[in-house]
Amino acid sequence: MSTQAIFTQTTYIIAAALFILSLKWLSAVPTARRGVIAGEIGMILAIAGTLLLPQIVSYKWIILTLLIGSAIGIPIAYLMPMTHVPQRTALSHSFGGLAVGLVGTAKYYLWNQHDPERLTPFIMAVLCFEVLLGFLTFTGSLMAFGKLQELLPTRPIVYRGQNFVNLSVLAIAVAIGVYLTINPAQIGLFPIFIALALAFGVMLILPIGGADMPTVIALLNSYAGISASAMGFVLQNKLLIIAGALDGSSGFILSIIMCKAMNRSFTNVLFGAFGQVSPQALKAEERTVRSATPEEAADILLAASSVAIIPGYGMAVAQAQHKVRELFDLLTRRGIDVKFGIHPVAGRMPGHMNVLLAEADIPYDRLLEMEDINSELPHTDVALVIGANDVVNPAAKHDKNSPIYGMPIIEADRARTVMVIKRSMNPGFAGIENELYYMDKTLMLFGDAKAYLSELVKVIGQEK
Amino acid sequence: MTLQDILGNLYVFVLATFLGFEVIRRVSPLLHTPLMSLTNAISAISLVGSLVILGAQETTLTTVLGALAVTASTINVVSGFLITDRMLKMFKKREPGERGKSS
């Protein structure tokens with residue numbers, strides 16, 4: 001091994017250690033930013049070590065593409081509104097998958113032409129796996145981006161025999177992959193293989209509805225990681241194997257958490273087309289609800305000694321975070337204990353709601369996980385639900401016929417008084433009737449979340 | 001590549017996966033969004049593979065594919081780390097002295 005190669009390997013080992021420390025430090029808020037710095041140093045070291053490799057004969061294109069990438073990446077990082085973080089994440093999974101797929105393709109054509117004995121069955125099998133997973137992550141994540149950005153319909157797109165068609169496409173792709181593993185010289189099949197991988201990515205995401213996006217994003221994250229790891233096997237690069245494995249396991253853990261939070265299985269998320277039909281929504285029976293004006297709501301809040309706010313994605317859509325924060329400030333200043341209950345699937349990706357509330361300057365020690373807020377809700381005076389629906393639906397606990405039966409919920413119904421800010425009585429995303437709204441202790445606060453909260457804040461601010 | 005190499009790589013993969021599970025299980029749900037963008041940035045280390053392909057300039061095809069791959073990975077590295085830090089900066093504990101200056 002040349003001195004240069006040893007130097008490069010050393011930078012890779014240090015980078016691998018720094019990446020692990022980076023994730024370790026991210027586990028808690030006080031050390032989290034140190035984690036980012038560790039990751040950045042690791043990345044810079046690994047890039048520097050790579051650029052010194054003797055194989056690299058020209059820096060012209062490298063410098064140009066690094067500059068273009070940075071010129072696109074920096075504005076994305078600073079200009080992207082926090083409500084759009086799920087879209088950025090989906091896009092970055094797609095770029096990650098694309099890069100991995102392209103590298104695999106380049107290696108295949110290169111070795112096929114110049115170095116066919118390097119395409120051993122093992123390498124060829126891993127390379128096919130890498131290319132398949134990379135390209136399907138690319139188009140799948142682009143689809144997820146389209147759905148999140150609402151360029152595509154967020155409802156599941158389904159047709160008869162869809163699962164059969166999807167699985168057939170995958171099966172043909174795998175069959176070609178196996179054939180290529182045995183006969184790597186069949187270069188004509190490779191573009192077909194890529195086309196099938198790209199098509200499968202699109203078809204996989206078509207039937208998945210907006211409510212399942214948190215799980216799907218986490219799953220695509222896992223795919224992007226595993227494909228990067230596979231690339232490490234092809235390129236004989238242990239740093240890639242490690243970084244890809246870390247990313248893969250992170251995405252996998254997050255998708256398990258998301259599935260548990262919705263009481264669904266992977267197969268159900270991927271093939272279930274949740275939320276496409278809503279029979280309950282059709283038989284809208286007339287039931288009476290109690291509604292309240294901002295003045296009445298203000299009186300109830302001011303008489304409380306503890307308030308639990310349960311935000312959902314509707315709050316973010318209405319851009320009401322900052323009004324929520326003003327309400328939080330006003331109530332806290334009067335000595336009322338205000339906490340937030342965050343359901344794991346509130347928002348469009350894991351942890352999204354926490355970021356949105358932190359952006360509105362709500363201290364993070366006030367943001368409670370589902371289990372913690374549930375143990376406090378029975379002795380909480382007011383539960384204020386803002387833009388959340390299914391995650392507070394008591395039917396999940398006792399109605400075996402409900403599509404969300406078994407899903408863990410935030411038990412807003414156990415607070416002494418429940419207030420729900422909602423536009424109208426239309427059912428939510430999954431089209432499921434919510435009995436919470438008809439309970440005797442529930443007050444419906446009808447209106448746009450931001451407008452209603454502005455009124456509420458004004459009334460409370462005037463009262464001395 | 002020998003069988004030895006393959007096995008060595010598999011060991012690395014298995015150990016890294018288990019380590020990943022253990023480390024990431026401890027991340028507070030509060031930080032799951034920054035976690036995802038940080039692991040994204042880290043797995044964009046596939047950049048080093050693309051750099052070698054682009055820099056070696058072996059055929060026009062590999063150079064074009066390499067250039068696209070480097071651009072895509074660089075976007076992920078740069079925007080991933082920067083946006084993670086931007087998000088983490090927003091997480092603040094309550095500072096009693098600062099209360100009351102509502103905007």
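User: In which hand does α2(B) pass α4(B), left-handed or right-handed?
Analyst: This is a predicted model, and what follows is computed from it. In chain B, helix α2 (residues 32-43) and helix α4 (residues 60-90) have axes that come within 8 Å and cross at roughly 155°. Because angles over 145 degrees count as such, α2(B) is roughly antiparallel to α4(B). The crossing in which α2(B) passes α4(B) is left-handed.

User: How do the residues of the contact of α2(B) with α4(B) divide into nonpolar, polar and charged?
Analyst: From α2(B) the contact draws on residues including B:Pro34, B:Leu38 and B:Ala41, while α4(B) contributes, among them, B:Val77, B:Phe81, B:Ile83 and B:Met87. The division is eight nonpolar, six polar and no charged.

User: How is α4(A) oriented to α2(B), roughly parallel or roughly antiparallel?
Analyst: Helix α4 of chain A (residues 85-114) packs with α2(B) at an angle of about 20°, and their axes are 10 Å apart. The crossing of these two helices is left-handed. Since angles under 35 degrees fall into that class, α4(A) and α2(B) are roughly parallel.

User: What classes of residue make up the contact of α4(A) with α2(B)?
Analyst: On the side of α4(A) the contact involves A:Val85, A:Thr89, A:Ser92 and A:Gly96, and these meet B:Thr33, B:Met36, B:Ser37, B:Asn40 and B:Ser43 in α2(B). By class the contact has two nonpolar, seven polar and no charged residues.

User: How many residues of the side of chain A that touches chain B are charged?
Analyst: Taking the two chains as a whole, 101 residues of chain A are in contact with 83 residues of chain B. On the chain A side, 60 are nonpolar and 28 are polar, and the number of charged residues is 13.

User: What is the hand of the β-α-β unit that β2(A), α15(A) and β3(A) make?
Analyst: Strand β2 (residues 337-342) of chain A runs parallel to β1 (residues 306-311), joined by four bridges, with A:Ala308 opposite A:Lys339. β2(A) also pairs in the parallel sense with β3 (residues 367-369) over three bridges, and there A:Gly341 stands opposite A:Leu368. With helix α15 (residues 352-359), β2(A) and β3(A) form a β-α-β unit that is right-handed.

Methods:
Residues numbered from 1 in each chain as written. Chains lettered and ligands numbered in written order. Predicted model: local features only at pLDDT ≥ 70, side-chain atom pairs only at ≥ 80, totals over all residues. Pairing = 2+ DSSP bridges. Right-handed = clockwise from strand over helix to strand, strands pointing away. Axes fitted to C-alpha atoms, helices over the stretch in contact; angles between N-to-C directions. Parallel < 35°, antiparallel > 145°, perpendicular 65-115°, else oblique. Left-handed = near helix turned anticlockwise from the far one by under 90°. Contact = placed C-beta atoms within 7 Å. Nonpolar A, V, L, I, M, F, W, Y, C, P; charged D, E, K, R; others polar.
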